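Reader: I'm new to this one. Could you walk me through it, one feature at a time?

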2 protein chains.
Amino acid sequence: MNTIGIGLLGAGTVGGTLIHRLVTEHAAIAAKTGLDLQVRRVAVRDPAKPRSFEIPEGMFTTDPMSMIEDPDVDLVVEVMGGQEPAGDLVLRALETGKPVVTANKELIAARGDELIAAAEKSGVALLFEAAVGGGIPIIRPLSETLAGERITRVMGIVNGTTNYILTRMAEEGTAYADALGQAQDLGYAEPDPTADVEGADAAAKAAILASLAFGTWVGLDHVPHSGISQVTATDIRYARDLGYTIKLLGIAEDTPQGVSARVHPVLLPHDHPLSSIRGATNAIFIEGPAIDTLLFAGPGAGGDPTATAVLGDVIDAAREILAGAQVAPRIRFAPSSLADFGAIPTKWYVRLEVEDRPGVLAQIAAAFGEASVSIKSVWQEGTDDEATLLIVTHRAPEADQENALRTVGNLDCVNAVAAAIRVESEEA
Amino acid sequence: MNTIGIGLLGAGTVGGTLIHRLVTEHAAIAAKTGLDLQVRRVAVRDPAKPRSFEIPEGMFTTDPMSMIEDPDVDLVVEVMGGQEPAGDLVLRALETGKPVVTANKELIAARGDELIAAAEKSGVALLFEAAVGGGIPIIRPLSETLAGERITRVMGIVNGTTNYILTRMAEEGTAYADALGQAQDLGYAEPDPTADVEGADAAAKAAILASLAFGTWVGLDHVPHSGISQVTATDIRYARDLGYTIKLLGIAEDTPQGVSARVHPVLLPHDHPLSSIRGATNAIFIEGPAIDTLLFAGPGAGGDPTATAVLGDVIDAAREILAGAQVAPRIRFAPSSLADFGAIPTKWYVRLEVEDRPGVLAQIAAAFGEASVSIKSVWQEGTDDEATLLIVTHRAPEADQENALRTVGNLDCVNAVAAAIRVESEEA
């Protein structure tokens, strides 16, 4: 039997589920893979804490460094989360020549280039299938199966919390705050939901997707992001009437201006495959000249799906150990220019509260025109002496769009820029 | 530079596209993967035939065996199709210690166990990502990323021709023969469409999916299949009114009766993710306790998507060669009992042409009851003295359902069993 000793950094939801499955499904995994996977050490802060799984008492340690260096540990699984101390521990394990499996998108987005280089130097694997899309196989397809494709764009619903909130808002007309409260009640959102609702979680995943899709390192600093806390049920309704669904997307593109990654709410045409992804489900949509389009959809979070992804990586890393060789470099980064977000062509949906008198539309159209942004469609709804204008622009560089918005917002006849959300559609 | 010499068996649509891309994208692939992939020999029947790609004249050979044994060839790509001589050539290459990449579902479904064993014995890779789902990454996710999941069911639209035909019939009310003609005009269907429309192509893919998902070899002989040539626009319309879409599915299940794979037209609830897959697109839907459900969708055929899948495998196999080790066994088969199709619980939609007189429904219901099949719903439409009965049964063993159908068909009051199609829904 091919025995592999596993050491875990962390034993929270994902770690606990993983340990439970390594124990209860030991025989099934052995039959399917020929591997005898043994949990040997578990590094935690508080060994006395009640856990959902059972392991022999002596297996816990509060000294992660000794766990990493334990000769009985062949393979390190990092499921403690957060950038540090996880990052330094992972780096240490790789330098010691031990392959690492991690579910930590924050860490990979922040220090992925350094860690991948350390793994390559030691000739061991660094695998992170669970870091994006939870249980959806996406890292391996992107970095291996599609290695021969010139991917042009990856768009993903990579945060289940926000997609759940947007779905409630769209389907029931729930206000943002109420939908967030429901998500918190169901455990989909944290007590402090900032990382999810303001887009930071999705930005880390977008950075990873962009780096893998385009083979160039895109650090988290290069991913402008905004979240959904400013999205209103009103705009969701207006967008629907115009033929769009509002989703929070991570978008990674290979543009003439360079490689780009960004996260923000987006109006997507109803018939786009990502528009129909409901609730906490995640989905990733890949475009390329040969494959045309691919869609991957499934559970983006949760202990069970994430543990499945981690387990797949553990099995893969174990095979490499037994083969005595790294079939890497799995991931190589070539230098490439990153696009300035201001140069990326975007389209906008803008909702303006304006005075309802003749000449207003002409003034607004002129302001857009001066900023070199042309208007695709205008829809006007009057209410007493104020009117609502819904404007969808044609594609123009992001900087011009923002400039146009500022100018329009300063017009006397414009009482408020009530909303401004980017639009992703195939048209110019 | 890490140079790998490639020999091709066949240079048709997929092979030609692959050669073209290996040449035109050589630098891009090298930058992304560190590999210098060189086409060295191409074995074809007729070197004089006009081709869509250019290679030096001396690269062609009509002697595939000499190509396999050429020391300049490190890796063999089989894209000639068909069971033989492809099978013996692939076996020979593996025995010679050369990894093989193939897109040949027919071959893998027929001789996969033997070829996988030969690959393992020689310690080289046998990769076939392109054999199922064309450009959709599915083989690697199933056999690697999901290696730690106890998959319960895989359902797939794995034949684009039939999905195109069914989509035309559903959306435009086109008759089967006309929709087939359109598919042939567009090149989606062969002049002899039998393998597609009668389900044999899908059966080979279902056999492969079942074997990988459940880790037990399911030979093509164990995949009962039927196609769509008996599906009428009338039944598609009736099914729609009852809340279902008709799709040709490959279904692989781990049941209490054993592992099962089958292909037939199916009534799927409108809200099932596979119901919305239109045209020639393929999609695979995977269920398991931890991942819940995963959906993969994309182009199931065509030179370009298929070449992308082959190229991903080539890159993977090349990495193994350079690492000097096989990180296999990628796929292991453990013995497991295969289910007898007659024992699998199925549900049926049945359309009967019956005499329109009192007592007929009672007679029919009694006949179903005698065969231990209970009826879930009945919908009747009268036309003069004949009536149409649409019956949906509850779940019962396939053998009982077939038995019930025979008995009902023999009743005097039943003029014809106009249609009988299985139903897949979550309810009993």
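Reader: Which domains does the domain assignment of chain A give?

Author: A word on the model before that. It is predicted, so local features need pLDDT of at least 70 and side-chain atom pairs count only at pLDDT 80 or more, while totals for chains, interfaces and linings use all residues. Residues are numbered from 1 along each chain as its sequence is written, and chains are lettered from A and ligands numbered from 1 in the order in which they are written. Now the domains, whose bounds come from an automatic or database domain assignment. Chain A has domain 1 (2-134 + 303-323), domain 2 (141-298) and domain 3 (342-423).

Reader: How many residues does the contact take from domain 1 of chain A and from domain 2 of chain A?

Author: Contact means that the C-beta atoms of two residues, placed from the backbone, lie within 7 Å. Here 11 residues come from domain 1 of chain A and 12 residues from domain 2 of chain A. On the domain 1 side, five are nonpolar, three polar and three charged. For those classes, Ala, Val, Leu, Ile, Met, Phe, Trp, Tyr, Cys and Pro count as nonpolar, Asp, Glu, Lys and Arg as charged, and the others, Gly among them, as polar. The C-alpha centres of the two domains lie 28 Å apart.

Reader: How many residues of chain B are in contact with chain A?

Author: There are 49 in chain B, in contact with 49 residues of chain A. To name the elements, we use DSSP runs numbered from the N terminus: helices (H or I, at least four residues) and strands (E, at least two). On the chain B side, α2 (26-33), α6 (139-145), β11 (292-299) and α12 (303-323) each give two or more residues. The largest share, 12 residues, comes from α12(B). By class, that side of chain B has 25 nonpolar, 12 polar and 12 charged residues.

Reader: In which sense do β11 of chain A and β11(B) pair?

Author: Two strands pair if DSSP finds at least two bridges between them. Strand β11 (residues 292-299) of chain A and β11(B) are antiparallel, with three bridges. For a spot to look at, find A:L295, which stands opposite B:A297 in β11(B).

Reader: What is the phi of A:D292?

Author: A:D292 has a positive phi of about 65°, although it is not a glycine. You'll find A:D292 in strand β11 of chain A. In chain B, B:D292 also has a positive phi of about 65° without being a glycine.

Reader: Is A:D292 buried or partly exposed?

Author: Count the other C-beta atoms, placed from the backbone, within 10 Å of a residue's own: 20 or more is buried, 12 or fewer is exposed, and in between is partly exposed. A:D292 counts as partly exposed because it has 16 C-beta neighbours inside 10 Å.

Reader: Which residues of helix α11 of chain A are buried?

Author: In α11 (residues 233-241), they are A:D235, A:I236, A:Y238 and A:A239. They lie on the same side of α11(A), because they cover an arc of only 165° around the axis. That arc is taken from the directions from the helix axis to the C-beta atoms. Among the elements they pack against are α7 (160-172) and β8 (244-255) of chain A. Just after α11(A), A:G243 takes a positive phi of about 100°.

Reader: In what order do the six strands of the open sheet in chain A come?

Author: The order is β3-β2-β1-β4-β5-β6, and the pairing is parallel. The edge strands, β3 (60-61) and β6 (126-127) of chain A, each pair on one side only. Inside this sheet, three bridges join β4 (residues 75-78) to β5 (residues 100-102) of chain A. A:V77 stands opposite A:V101 in β5(A).

Reader: Which residues touch the most other members of the largest nonpolar core?

Author: As a general idea, nonpolar side chains tend to be buried together in soluble globular proteins. A nonpolar core is a set of buried Ala, Val, Leu, Ile, Met, Phe, Trp, Tyr and Cys residues joined through C-beta atoms within 7 Å. In the largest one, of 302 residues, they are A:A206, A:V310, B:A206 and B:V310. Leaving out residues up to four places away in sequence, A:V310 touches several residues, including A:V77 and A:V101.

Reader: Where is the cis peptide bond with omega near 10°?

Author: That bond runs from A:E84 to A:P85. A:P85 sits in the loop between β4 and α4 (86-95) of chain A. In chain B, the bond from B:E84 to B:P85 is cis, with omega near 5°.
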